[in-house]
Amino acid sequence: MNFEDYQYLFKFVLIGDQGVGKSCFLSQYVKGKFIQEYDPTIGLEFESKSIEFNDGVVVQNQLWDTSGSSQFMAIQKTFCQNAAGAIIFYKIDNKDSFKSLENWISILKQVSSDMIQIVIVATHQDLENQRQVQTQQGRNLADSLDAKFYEISNHDKDQIDGIINSLSYNVLRLVNSNKINPLNTQYGIKMSRQQEQQYTSQQDNTDENLIQQQSSPKRRGSDIKIEQNSFISSNKVTASPQRQQQQDKDQNEQNQQQNKSQFQLLFILLPILIAFGLYQILL
């Protein structure tokens with residue numbers, strides 16, 4: 001597979017306080033390298049990696065690692081916009097990093113679409129003896145957001161790969177089920193030119209079929225009967241004799257009513273016209 005080619009590109013953002021393991025998570029996923037020494041991110045970092053699903057669809061996952069420092073808040077908000085997914089981090093051995101999730105989630109809700117896929121990741125699982133945040137606390141928070149939840153060690157690359165692959169698959173599933181429009185940039189998705197042409201063509205065909213279905217009359221029993229009779233009688237279907245007689249009777253009554261109204265109007269206007277004529281003569 002040529003990883004320079006892809007059908008879809010998904011934008012994912014990594015957010016959370018400083019020192020929760022975002023950069024190490026990213027390094028393990030893209031490079032397979034565990035970062036031994038903590039080196040805080042300044043501003044943001046960007047990496048990408050392509051994966052191929054069993055059906056041959058190639059997705060390039062584009063990951064943005066934002067700094068957890070409050071001094072880069074403007075950058076964090078900017079790059080959380082138009083994201084397909086967000087991975088929010090905290091450390092199980094740092095309860096303050098867990099409390100900060102409320103703020104990170106608030107930022108995400110302000111700038112992201114309502115279809116963004118969220119994952120809660122608790123790092124430092126290997127530091128169980130220093131745990132300050134219980135597993136159920138993290139799981140309850142994820143459930144309240146309808147999000148996935150994982151407790152991991154950043155030493156475990158397979159687990160990290162599984163998280164990203166699952167997130168990417170969920171976004172792709174939303175596209176395939178037409179729950180999100182990949183042409184709308186707010187969903188954090190970009191298509192290759194060929195895939196975009198194919199998608200547009202499919203949507204046009206779908207819209208055309210829908211219009212045809214809506215414009216086609218429903219075939220009721222009476223419609224079928226008339227079509228069958230048209231092979232015997234003329235193309236124009238006429239009313240039955242009894243119905244025609246009733247229509248003629250109704251029309252005659254309507255004409256009589258109109259004539260009566262006209263006569264009454266003339267009867268009222270005639271004296272007025274005579275009086276007006278005499279008035280002109282006298283002048």
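Trainee: Which residues of β1 are on each side?

Mentor: Tyr 8, Phe 10, Phe 12, Leu 14 and Gly 16 are on one side, and Leu 9, Lys 11, Val 13 and Ile 15 are on the other; all are buried, which leaves both faces covered. In a regular strand the side chains alternate between the two faces of the sheet.

Trainee: Is this an experimental structure or a predicted one?

Mentor: This is a predicted model, where local features need pLDDT of at least 70, side-chain atom pairs count only at pLDDT 80 or more, and totals for chains, interfaces and linings use all residues. Residues are numbered from 1 along each chain as its sequence is written, and side-chain values use heavy atoms, with hydrogens and water left out.

Trainee: What is the mean pLDDT of the chain?

Mentor: The mean is 79, and 65% of the residues reach 70 or more; pLDDT is the predictor's confidence in each residue, from 0 to 100. Over residues 220-243 the pLDDT is below 50, and that stretch has five contacts in the model beyond near neighbours in sequence. Contact means heavy atoms within 4.5 Å.

Trainee: Back to β1. Which strand does β1 pair with in the antiparallel sense?

Mentor: That's β7 (residues 189-191), over three bridges; Tyr 8 has Met 191 as its bridge partner there. Two strands pair if DSSP finds at least two bridges between them.

Trainee: And how many bridges are there in the parallel sense with β3?

Mentor: Seven bridges join β1 and β3, with Leu 9 standing opposite Gln 60 in β3. β1 also pairs with β4 in the parallel sense, over five bridges, and Ile 87 in β4 is the bridge partner of Leu 14.

Trainee: What about helix α1, is it mostly covered or mostly open?

Mentor: Mostly covered: eight of the ten residues in α1 (residues 22-31) are buried. Among them are Cys 24, Phe 25 and Leu 26. The buried residues of α1 pack against β1 (8-16), β2 (44-52), β3 (58-66), β4 (85-91) and α6 (157-176). After the helix comes Gly 32, whose phi is positive, near 70 degrees.

Trainee: New topic: how many salt bridges does a search of the whole structure find?

Mentor: Four. A salt bridge is a side-chain nitrogen of Lys or Arg within 4 Å of a carboxyl oxygen of Asp or Glu. One of them joins Lys 31 and Glu 47, whose closest N and O atoms are 3.8 Å apart. The pair links distant parts of the chain, with Lys 31 in helix α1 and Glu 47 in strand β2, 16 residues apart.

Trainee: Are those two buried or exposed?

Mentor: Lys 31 is exposed, at 57% relative accessible area, while Glu 47 is partly exposed, at 25%.

Trainee: Which residue does Lys 157 form a salt bridge with?

Mentor: Asp 161, with the closest N and O atoms 3.0 Å apart. Lys 157 and Asp 161 are four residues apart in helix α6, so about one helical turn separates them.

Conventions
Buried < 20%, exposed > 50% of the residue type's maximum accessible area, 1.4 Å probe, protein only. Helix = DSSP H or I, 4+ residues; strand = E, 2+ residues; numbered from the N terminus.
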